[in-house]
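Colleague: Could you show me how to read a few features of this model? I would like the general idea, then the case at hand.

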Amino acid sequence: MVGKISDNADAPIWVVAGALQGRDGRWLMHRRPFDKHHGGLWEFPGGKVEGAEKPIEALVRELEEELAINVMPDACRPVAFAEDRSAAASPAILILLYKITDWAGEPRAVEGEEIRWFDAAGVMALEKPPLDRELAHNLFEKA
């Protein structure tokens with residue numbers, strides 16, 4: 001599917017994100033740094049797939065960097081994806097969302113403004129970037 005990420009400027013940007021669900025059923029959301037694109041909005045934590053990384057490898061790395069948690073690759077279950085194919089998004093951005101219910105460590109906001117736990121309705125009500133809105137819709141309303 002992904003293979004090696006190309007240096008081609010028109011190649012899509014692959015992004016991975018984790019829908020972390022705690023034992024109490026609530027979901028972890030990450031607030032973007034205010035000085036970044038979509039600053040202050042809430043998102044599922046994650047980031048770009050780098051070089052020849054596989055998406056799961058990138059997700060494990062990103063969650064360790066952003067939240068200081070350790071996730072085993074087999075704990076990541078793909079649940080949704082979103083794609084921005086608008087003319088403004090050149091190249092296209094594709095986000096792969098994985099549900100995660102098991103990890104080691106206590107999540108904390110290493111990168112970004114803050115993290116919080118929300119029920120599904122709370123996640124849906126948050127101000128989010130467009131692709132995260134689509135991911136939340138696919139995760140909660142199509143289930």
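Modeller: Helices (H or I, at least four residues) and strands (E, at least two) are DSSP runs, numbered from the N terminus. This is a predicted model: local features need pLDDT of at least 70 and side-chain atom pairs pLDDT 80 or more, while totals for chains, interfaces and linings use all residues. Residues are numbered from 1 along each chain as its sequence is written, and side-chain values use heavy atoms, without hydrogens and water.

Colleague: Which residues of α3 are buried?

Modeller: Buried means under 20% relative accessible area (1.4 Å probe, protein chains only). In α3 that covers L131, D132, L135, A136, N138, L139 and F140. They pack against elements including β1 (13–20), β5 (76–84) and α2 (120–125); contact means heavy atoms within 4.5 Å.

Colleague: And what is the strand order in the open sheet?

Modeller: Strands of a sheet pair through backbone hydrogen bonds, either parallel or antiparallel. Here, the order is β3-β2-β7, with antiparallel pairing; two strands pair if DSSP finds at least two bridges between them. The edge strands are β3 (42–43) and β7 (114–118). Strand β2 (residues 27–31) is joined to β7 by 5 bridges, and M29 stands opposite R116.

Colleague: Is H30 buried or exposed?

Modeller: H30, in strand β2, is buried, with a relative accessible area of 2%. Among the residues H30 touches are W42, E66 and I115.

Terms used. Buried means under 20% relative accessible area, exposed over 50%, partly exposed in between (1.4 Å probe, protein chains only). Lists of a residue's contacts leave out its neighbours within four places in sequence.
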